[in-house]
Every structure is written in C-alpha cells, then in structure tokens.
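Hi everyone, thanks for coming along.

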Amino acid sequence: MSRVKVTSRLFAYATLISILSACSDMGSNADIEVLQKHDTAAAEVRLIETETERRSLREALEDPRLHPYALARTIFAESDFRQNSPMFLLQFAAALIDSETAPEIVDREVDNLLAAFDDISRLQPYFAQNEWTFYLRLLRVSQFTPNTERTKQLRDHVEDLFELHIIDDNSRARLVEFYLEQDNLLAVERHLEQIDEPYYIARFSLILIERYLQRDDRYAAQRLLDELSLMETELLGFTAEWVSVLLLANRESQAVTFVLDGFDRAFSALYDEDQFTFYRNIISFNDLVQQALRLERADEARDALLRAYRQLASFSGLELINVRLSIPFLKAFATLGDESTFAEVKRDVLARTYSYLQNPDYFTEVLCAFSAEMLDQGLEQHAIELIDIAAKINDDEVRIPEPEFHYALGYAYGMLGEEERGQRHLQALFNDPTKLDELLSSWRVSPFVVIQDFIDAGYVDEAISLVGTQPSMTEIRVIFGALVAEERFVEALQKLGEYNLNESSTVWGLLTIGHGYLSSGMLPNAEARAVMQDFWSRYMPTDS
C-alpha cells in the first residue's frame with residue numbers, strides 16, 4: 001500500500017473521530033448537519049485516493065522500471081523494430097484506451113502515428129494504397145483523447161477519402177460504428193446506405209431503429225422497420241433484437257409471425273446444402289424459443305422443436321456435426337421448461353453421443369466437442385452424466401488407446417468444472433512420459449490443440465510444461481494469454497526472459513502483460529519490478 005493511500009485513510013479516520021467527538025456535544029437537531037459534513041469529507045477522501053492512484057499509474061506508465069508498458073515502449077523506440085514496423089505504435093495506444101487513466105499518453109501516440117505516416121506507407125504499401133484505413137484507425141483512437149479538434153480534423157479527412165475512393169464494407173462499417181458512438185444518426189444512415197453486406201445492414205439498422213424510438217422519432221423508425229422487414233432470413237441472426245424493436249414499435253403481430261415463420265425456416269434448413277446456413281438456422285432455435293415464450297406461444301414452439309429434432313436425429317453419419325447440432329436443441333427444450341420432453345431428448349442425445357464414443361477414431365473429438373458445446377449452452381451439469389459413463393469405457397477391455405482416453409477425459413472434466421477428477425487423468429499422462437509421447441504423436445490430435453485444450457480446461461501449468469524451453473510464437477501467444485488472464489503477471493515476465501525472444505516478440509510480450517495490469521487496475525509489485533530491471537539491464541546496459 002502506498003504511503004499516500006495510508007495517509008489518506010488516516011485522514012479519513014481522523015476526520016471521523018473529530019466528527020464523532022463533535023456529535024457528543026451536540027443535540028439531536030444537529031445530527032443531520034454532522035452526517036452531511038461526514039459524507040462530504042468521506043467523498044473528498046475518496047477523490048484524493050482515486051486521483052493519487054491515477055497519478056501513480058500515469059507516472060508508472062512513463063517509467064520503464066515501473067511498468068511493462070513503459071518498458072515495451074522504450075525498447076520499441078530504441079530498436080530496429082521501431083524502424084521496420086512503425087504501425088505498431090497503434091498497439092500502444094490501443095492498450096491504454098481500456099484503462100481510461102492516461103488519455104494524454106494516448107494523445108501523444110496518435111501524434112506520433114500521424115508524424116510517422118510517410119514511413120508507415122513506405123514500409124507497408126497497403127496503407128499507401130488504402131490511405132483511409134490508416135486514418136480511420138487513428139480516428140477510432142483519437143476519440144478517446146481530449147484533443148477534440150484533431151479528432152474533428154481526422155473525421156473530415158476520412159470523409160474526404162471516402163468520397164474519393166471505392167470503400168469496402170468493412171471499412172465503412174467501422175466509420176458507422178464511430179458515428180454510433182458519437183450518436184450522429186444522420187451520418188450513420190448516410191454511410192449505411194452505401195453498405196451492401198446484409199449482416200451489417202441488419203445489425204446497424206436495428207440499433208438505429210432503437211435510437212429513433214428512444215428519441216420518439218417514430219417516422220424514421222417505421223421507415224427503417226419497413227425496409228428491414230424484407231430481410232427476415234438475415235434477421236434470424238438477430239432474433240431477440242428484432243422482436244424487441246417490433247414490440248417497441250407496437251408491432252406484436254409481426255413479431256409473432258416472424259418467430260413462427262422462423263421455426264419453419266429453421267426446419268427447412270435441415271435440407272440446406274450450404275453448411276453455414278444450415279448451422280446458423282439450427283442454433284437459432286433457442287433464440288426463437290425464448291422469443292416464443294416472451295410472446296406466449298409456448299405450444300407452437302414445442303411442436304416445432306420436436307418436429308425438427310426428430311428429423312435431425314434420423315440422420316446417419318456426420319457424427320461430430322450431429323452431436324454439435326443436437327445440443328442447441330437440448331438447450332431450447334430446457335428454455336421451454338417442459339421437463340418431461342427435455343428428459344426424453346436428453347436421454348436420446350446422451351445415448352447417441354455415447355454410441356459414437358465406442359469408435360476409437362471418434363472418441364477424443366466427439367467427447368471434447370460434446371463437453372465444449374454443453375458448456376457453451378449452460379448444460380454442464382447434464383454433460384457430467386455422460387462423461388462419468390465414458391470414464392468406464394475401458395473397464396472391461398481397452399477400447400480407446402490410454403493416452404487419448406486420459407487426455408479427452410482430463411479435458412472434459414476440466415471444462416465442466418471438475419478439475420480434480422480431470423487432474424487425475426492428466427497425471428496418468430505426465431507420470432508416464434511414454435504415454436505423453438504417444439499422445440503428442442497420435443494422428444488423431446495435434447500437439448498445439450493439446451496445449452490449447454489444456455489451457456481451456458484450466459490446466460495452464462501442464463500446458464506450460466508441454467511447450468518446453470523453445471516454444472513456437474503461436475504457443476507463446478496462448479501461454480501468455482492464459483497467464484495474463486489469471487493475473488499471473490510475474491510468471492509471465494519470467495517466462496518472457498526464459499524464452500529469450502527477439503526484440504519484436506519481447507515488445508509484444510511486455511505490451512500484453514502491461515495491458516493485463518491496466519485491465520486489472522493493478523501496478524507491478526516489487527518482484528515484478530525486479531524482473532523488469534533485468535530486461536532494462538539487457539536492453540539498456542549503459543543507462544545508469
């Protein structure tokens with residue numbers, strides 16, 4: 001704890017003592033006034049503490065011995081990486097936006113990027129040919145700084161570039177997002193009219209309709225509602241949002257028709273040869289059920305679900321796809337609240353999935369996919385029933401190779417919150433190097449997938465042990481992401497030194513860790529600062 005924070009709390013305590021002492025000499029008529037003074041004093045203390053913390057963070061962000069962000073920035077400025085990849089400056093600005101404590105540093109980074117555009121366009125011809133992309137990225141960052149004049153100039157420049165060039169839908173969508181954040185609905189509509197991608201049209205139109213209704217501009221809202229009503233297939237991806245705006249606009253009958261027709265479209269998708277359309281419509285069933293319940297159409301939802309599920313269950317082959325598609329149906333029945341039908345469908349899903357697990361070629365893939373999908377749908381307590389049965393599949397005879405058997409069960413239990421039971425299976429692998437080697441050389445799994453699966457299931461230390469001392473950059477990224485997510489910042493800094501990375505990878509690693517500190521609201525402790533001192537000595541050995 002900092003000395004200033006301690007002093008602030010002592011001041012608050014002294015203030016409270018003085019108020020209490022004064023209260024002992026006052027009558028009850030003065031109690032309210034005293035309490036008001038106490039609240040004011042407490043609020044002032046909180047402001048002092050908050051400002052002190054922000055000032056401490058700002059100072060740390062400027063000192064490479066105190067924060068990974070500042071160290072990364074210093075190494076970047078002194079390295080060849082700065083000359084070869086000046087656009088990386090944008091990553092420094094982006095890392096600070098989340099913290100909302102150092103807008104002046106973000107401001108400086110935007111100015112640095114503007115000054116470096118000639119170098120950037122020379123080294124990265126894409127930005128020279130698509131200049132608007134560069135300035136659009138800067139505009140999105142500049143809006144988080146106090147420099148409103150520069151933000152306006154960047155906005156005007158981007159608008160000019162959009163007039164001069166043929167702009168792709170992705171870039172125009174980013175500008176639409178900017179104007180939505182500014183609540184400039186006329187500009188949103190102007191650019192939305194020039195977008196062809198149906199996904200963007202539906203997504204942004206729904207936001208516009210809601211904003212217009214909030215402003216009580218019913219004419220503009222009704223106009224967009226009529227236009228969007230012609231895109232019902234695309235709106236299946238926005239079921240809840242579409243029903244919400246229809247109800248806000250007093251179009252309940254249209255909402256009911258949309259949901260009931262949606263069940264028919266999703267059923268028709270069972271015969272669709274386009275896999276994306278097929279899967280999108282299948283997983284929309286749960287959204288449709290939720291809205292049917294909202295519209296008091298539970299009976300129609302139940303009938304549509306049963307018809308579609310029985311058709312899907314009748315398909316043969318495509319075991320993995322069948323498992324993945326059956327689980328959203330199970331979630332939909334759970335949402336419906338029909339316990340009897342849910343139990344019936346659950347028995348069928350578990351039985352079919354278990355039948356696929358009998359085949360060694362499917363065991364690992366199906367068990368891992370089943371666990372992940374059940375977790376995504378919030379059905380983990382029901383998934384454990386099948387995992388417990390699968391854990392006995394080798395009791396009478398070894399049907400599944402042991403390395404894959406323990407790996408899949410370790411992953412499944414870990415994903416579903418049963419880390420201790422999963423740990424026992426993984427330990428069987430780590431206790432026998434031969435089994436571990438067999439797993440990593442199996443054609444049914446890839447070493448990187450194993451590492452990623454261990455992390456997903458909560459076994460970060462086991463994943464770290466697998467990558468060794470010279471991991472690939474892909475492996476480093478997932479390891480660092482896991483350590484930072486668990487706020488194990490000191491270990492991440494130590495690993496960064498152990499892996500002996502080049503300058504660009506070191507800068508990336510430090511920035512990742514720095515962003516973790518910023519997101520958590522923490523400052524590096526003494527142990528972390530000692531590790532950073534080693535980096536400082538390595539890259540700046542002549543500095544005193």
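The secondary structure here comes to 32 helices and 0 strands, taken as DSSP runs numbered from the N terminus, with helices being H or I of at least four residues and strands E of at least two. A word on the source: this is a predicted model, where local features need pLDDT of at least 70, side-chain atom pairs count only at pLDDT 80 or more, and totals for chains, interfaces and linings use all residues. Residues are numbered from 1 along each chain as its sequence is written, and side-chain values use heavy atoms, with hydrogens and water left out.

Of the 544 residues in the chain, 48% are buried, meaning under 20% relative accessible area with a 1.4 Å probe, protein chains only.

Now, how do H22 and H24 pack? Helix H22, residues 360-376, and helix H24, residues 402-415, have axes 9 Å apart at an angle of about 5 degrees. Those axes are lines fitted to C-alpha atoms over the stretch in contact, and angles run from 0 to 180 degrees between N-to-C directions. H22 and H24 are therefore roughly parallel, the word for angles under 35 degrees. Their contact (heavy atoms within 4.5 Å) includes Phe363 and Leu367 of H22 and Phe405 and Tyr411 of H24.

Let's look at another pair. Helix H27 (residues 447-456) and helix H29 (residues 473-485) cross at roughly 5 degrees, their axes coming within 10 Å. So H27 and H29 are roughly parallel to each other too. Among the residues making this contact are Phe448 and Ile451 of H27, with Val478 and Ile479 of H29.

Note on methods
Angles under 35 degrees count as roughly parallel, over 145 as roughly antiparallel, 65 to 115 as roughly perpendicular and the rest as oblique. Buried means under 20% relative accessible area, exposed over 50%, partly exposed in between (1.4 Å probe, protein chains only).
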